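The following explanation is intended for a reader who meets this structure for the first time.

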Amino acid sequence: FGSRVSCYFQKPLVSMAPKKTSAKKAAVKAKSSPKPEDKDKDADAPAESPSKDPKPEAAPADGAPAPEPADGKPTEATEAKESAPVPEPEPEEMEVDAAPDKRQKFKGIVGWNAYDTTIDALVSKENVLSCLQTGVFALTSKAARGTVGVKAGRYLFEIKVLEWNTKSGKQGRQVRVGFSTKDCGHVLGSRGATSCVAFTDSGKVLRGNSHEQINLFRKNRSATFQMGDVVGVLLNCGGDESTVSLFKNGERISMPVPLPEALKGQALFPHIDFRGAVLVSNFGPQPWKALPFKVRMLSDLSAPDGEDSAVGPPKSAPEVVVPVGLPKGGIFDWADAFIKKCGTTHVEISNRAAIDWVRASGVKIRTQGGSLDKPNINDQTFDVQSSGLTDGSATRQMLRAAAAHGRSILYLEVNENLKGVSRESTLQAVGPQYRKVAAVAVGEPSEEIKERAREEVRAAKKAEHERLVAKKKAEFDAQKAARERKRLAEQAKAERVARLEASKKKAAEAKAKLEAEKKAEAENKAGEAKDAEADKKTEDGEKPEQAEEPAKDETKAEEKAEGADEKPVANEQPDAAEATKEETKSEEKQEEPEPVWEEPAFVDDTDYSKIWFVKREAPEISETVVDKNFNKYSLPDQKEGFAEVRFEWNGAAEAASKMKDFMVERQKRERLELNKPQWLTEQLQKWNETYNQWRKVATLAKPKVSKSEEPAAKKAKTEGEAEEAESTAVEPAIEDEPEIWSCEDVNDTGDGAPLFRSFAKEDWALLTLRYELHLLVHGFAMAAGSERPGIHDSTVAHYFQKFFNKTFAPGYYGKKDLAEVVALVVDTVTLGEGSGCLEAGHPDETPVDTFVKLTEEARRERKARIEAGDESAEIKLNEKALQKGAGKGGPAGVKGKGQSDARGGGKGGGFKGGKGRQGQMAIQQRAAHTQPAQYSQSYRAPVSARPGPYDRPAARPPPPTYSSRPYASGPQYGGAAYTGARPGYQQSRGGPSFAYRR
């Protein structure tokens with residue numbers, strides 16, 4: 001069995017390739033197989049005898065030519081040669097050898113331009129390209145452009161990858177080599193870098209921003225190149241037929257690629273874009289790998305065919321420009337205009353430039369929120385987190401790299417440039433070889449900046465208008481098509497109705513004709529029968545009947561029958577008349593004219609005089625950053641190390657005035673960490689006592705109404721009974737309301753009743769609000785000092801929480817913002833018109849009775865407005881408006897005075913924290929140590945005394961003690977219970993009590 005298995009599996013291992021046959025065998029096989037046209041001849045010819053077969057001819061000797069037949073027919077060898085497969089011919093090279101050129105040579109240095117590279121690319125004199133690969137440079141593509149551009153002729157340059165870096169960042173390694181214009185961006189294929197044509201190491205060609213597969217010159221060649229391969233790029237500028245080709249190790253790889261139309265006629269510079277690699281370049285005079293034809297290298301460029309690069313070393317010392325502008329002041333608009341004006345002479349160092357560079361390199365970074373100055377990067381990958389983009393160190397790394405290249409720098413950090421300490425640090429980082437310049441862009445911008453912003457607004461509005469026009473045009477076309485479909489449907493329906501009517505009419509005519517024929521045939525038969533009967537009577541000798549009268553009767557019968565037959569026709573005549581009338585009406589009715597499309601005109605009614613800056617997707621700087629740092633902001637000075645301080649838009653005096661106004665405005669919005677003044681604490685304590693006393697007096701002053709005296713309307717169950725009860729109910733007599741401002745004691749207006757006898761819950765809430773705002777304004781002035789203008793409307797909630805330990809929101813009083821809330825208590829505080837800060841209407845020593853009188857006066861006015869039908873006077877109060885400030889309470893297990901509860905708590909109620917009433921559980925625990933234990937087998941702690949699920953010990957409890965008696969009075973589930981006190985536990989509702997068994 002084993003031998004059979006081995007034989008079975010050995011059989012498929014035999015090569016399945018077709019066996020090679022010799023030329024002789026192929027000729028014999030071709031001769032032995034008759035052609036189709038010879039089969040017919042062989043069928044008619046007689047069969048030959050086997051004995052008469054001719055002998056085979058002797059084969060020619062090796063190397064001897066085959067003898068040609070005498071009759072001119074091909075021999076066996078010739079037939080075998082013709083039947084063998086013919087290989088495809090090798091493609092011919094389309095380029096020819098370069099002719100000698102005696103024109104003047106280009107005098108400049110041909111190589112990579114060290115001043116036209118990205119700041120992370122390093123170029124040596126031997127044209128070796130390396131790069132920085134840490135931090136943010138691990139995510140960016142490196143690029144370099146040549147020093148000379150080609151306008152005409154055919155020239156070649158070569159590169160070779162010396163080393164791949166295995167730790168090349170998120171996107172791996174890549175090489176893209178080709179040509180570009182002088183205005184093209186460094187990272188090929190990105191936005192602003194589409195004026196290029198290049199080949200990639202992955203076997204694709206890049207034309208503008210589109211990647212295409214390379215059209216190979218030979219199908220069995222690979223377009224990719226690896227480390228050690230010599231890659232040559234040949235540019236042939238020949239007018240409309242300009243092409244670029246790729247060579248690898250001296251062999252053509254790609255067919256000639258036509259240049260994009262945008263590149264024809266322009267000077268094209270060598271360009272390389274790489275990442276994670278070290279490369280060396282060859283510009284001549286001889287190629288590293290000879291091509292199938294003679295070609296000139298770029299170093300052999302003729303002067304008329306070349307153009308020198310405009311990017312070079314600065315004519316003077318490089319400069320670093322530090323722009324300074326206020327938040328929302330258009331500093332990025334100024335920076336965009338500056339970069340557009342300077343071109344490639346200055347490098348922008350900013351977070352937005354870093355993110356744009358990384359995205360252009362192919363790394364997808366998600367930003368969410370933040371600002372242009374500090375975008376919030378929502379990417380948790382290691383490469384992005386370690387790049388410095390999230391902590392702000394990327395700009396410092398870019399600054400050091402640009403300074404090492406000797407580039408002129410625009411350092412755009414809005415928040416850092418506003419702080420003097422940061423400006424000095426920036427100047428120290430670039431070194432003494434730089435000329436330091438501060439550009440102050442504060443105030444009203446120049447007309448150039450305004451016009452650029454207005455042009456963008458116009459373009460956006462025009463694009464929106466075109467979008468709406470296209471939408472309306474599509475709707476018009478859809479309606480037109482719907483009308484056409486409806487017309488065709490109605491037309492088809494009318495044709496179907498007409499055909500149906502015609503068929504009905506034709507069927508009726510055929511039926512009438514058939515009935516007429518049947519009638520005529522019956523009449524003929526009846527006449528014949530009568531004639532036969534008459535002849536028979538004549539033969540018998542009888543007198544024939546007179547035929548006149550029957551004829552008359554038959555005539556009348558025929559007339560009646562004809563009349564009966566014509567009746568249906570007469571009945572059909574009105575229908576035909578009606579149809580004729582309808583046709584006439586339809587013909588007379590004029591068709592509605594087809595609507596004509598009229599494109600709406602573009603109307604722009606925007607007031608462009610108020611537009612200064614471009615509207616951006618994100619703010620220039622976040623408000624949170626400004627609130628934290630604005631106290632450190634200042635305008636630059638030459639004492640900081642600047643050689644020049646330029647005021648771009650306005651003079652120094654106006655810029656200083658704008659800065660002062662900004663600081664004052666920000667100080668209003670600043671949230672200071674202030675300590676509560678002692679005066680405010682004392683006033684709150686007095687107010688708490690007085691307020692509680694007033695509430696008790698108000699409760700006692702309200703008359704108690706018995707159930708028998710309740711209005712009958714409340715007992716009515718139906719709507720009719722309710723109306724009758726309301727009409728019959730006797731309202732208690734209300735005395736005239738007392739005078740407000742002549743009342744000396746608000747607790748007694750002279751009749752034993754307080755002034756606040758009619759206060760509802762909204763009145764008590766507004767009374768509390770009045771006094772709290774009064775204390776808030778004066779307390780802030782005492783704590784912050786007279787330099788502060790007051791509490792801005794955006795910080796009222798912050799200081800409410802700070803001073804009163806309670807939240808404040810306009811929604812608690814049914815209002816949208818603070819201005820509407822202040823309108824309720826405008827007799828106490830107001831909002832400044834220009835400042836937006838709270839202003840007190842009464843001095844700090846105003847007695848509390850005054851606020852009761854103000855509240856009563858406002859109540860009466862609101863009541864009158866409501867009775868007059870003014871629904872806006874009603875106050876939709878939220879229950880949170882009645883909250884009382886929570887002062888800090890005592891230790892766990894102690895409750896403050898503000899709220900009565902059986903539980904222990906961590907905070908005191910009212911406006912005064914601190915000493916609180918002991919909780920019930922703490923009393924029980926203390927009593928367990930001092931009082932004798934009680935006998936109880938079924939005791940469970942009350943619900944209010946059970947610990948909650950979130951209670952935690954504040955300190956380690958003492959060791960358990962057990963009572964000598966079988967049962968203790970402490971909380972238990974049965975058996976001997978733990979009776980020791982549990983200090984440090986905050987007891988609350990909801991959970992079971994603790995019990996320790998023996």
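Glu528, Asp531, Asp535 and Glu539 form a negative surface patch in this predicted model. One of these residues, Asp531, is located in helix 11, which covers residues 447-539.

Charged residues also occur in pairs. Side chains of opposite charge can pair when their charged atoms come close. Across the whole structure, a search finds 46 salt bridges. One of them joins Glu319 and Arg435, whose closest N and O atoms are 3.7 Å apart. This pair links distant parts of the chain, since Glu319 belongs to strand 19 (residues 319-324) and Arg435 to strand 24 (residues 435-440), 116 residues apart. Glu319 counts as buried because its relative accessibility is 17%, under the cut-off of 20%. Arg435, by contrast, has a relative accessible area of 34% and is therefore partly exposed.

A second salt bridge brings together the side chains of Glu772 and Lys806, with an N to O distance of 3.1 Å. Glu772 is part of helix 18 (residues 761-784), while Lys806 sits in the loop between helix 19 (796-804) and helix 20 (818-824), so the pair ties together parts that are 34 residues apart in sequence. Are these two residues buried or exposed? Glu772 is buried, because its relative accessible area is 1%. Lys806 is also buried, at a relative accessible area of 5%.

In a further salt bridge, the side chains of Arg865 and Asp870 meet at 2.9 Å, N to O. Arg865 has a relative accessible area of 36% and is therefore partly exposed. Asp870 likewise counts as partly exposed, because its relative accessibility is 26%. Salt bridges can also be joined into a network, as they are for Asp333, Asp336, Glu348, Arg352, Arg452, Glu456 and Arg616.

Met94 lies between helix 4 (76-83) and strand 1 (112-117). Its relative accessible area of 43% makes Met94 partly exposed. Leaving aside residues up to four places away in sequence, Met94 touches Phe217, Arg252, Met255 and Pro256. Of these, Met255 is 161 residues from Met94 in sequence, yet their C-alpha atoms are 9.3 Å apart in space.

The whole protein provides the setting for these details. It contains 22 helices and 29 strands, and 37% of its 998 residues are buried. Among contacts between residues at least 6 apart in sequence, 72% join residues at least 24 apart. The protein exposes about 61400 Å², of which carbon and sulfur atoms supply 51%.

Note on methods
Residues are numbered from 1 along each chain as its sequence is written. This is a predicted model: local features need pLDDT of at least 70, side-chain atom pairs count only at pLDDT 80 or more; totals for chains, interfaces and linings use all residues. Side-chain values use heavy atoms; hydrogens and water are left out. Helices (H or I, at least four residues) and strands (E, at least two) are DSSP runs, numbered from the N terminus. Buried means under 20% relative accessible area, exposed over 50%, partly exposed in between (1.4 Å probe, protein chains only). Contact means heavy atoms within 4.5 Å. Patches are made of residues with over 30% relative accessible area and no salt bridge: like charges are joined within 9 Å, nonpolar side chains (Val, Leu, Ile, Met, Phe, Trp, Tyr) within 5 Å. Accessible areas come from the Shrake-Rupley method with a 1.4 Å probe; for residues, only the protein chains shown count as cover. A salt bridge is a side-chain nitrogen of Lys or Arg within 4 Å of a carboxyl oxygen of Asp or Glu. Lys and Arg count as positive and Asp and Glu as negative; His and the chain ends are not counted. The place of a charge is taken as NZ of Lys, CZ of Arg, CG of Asp or CD of Glu.
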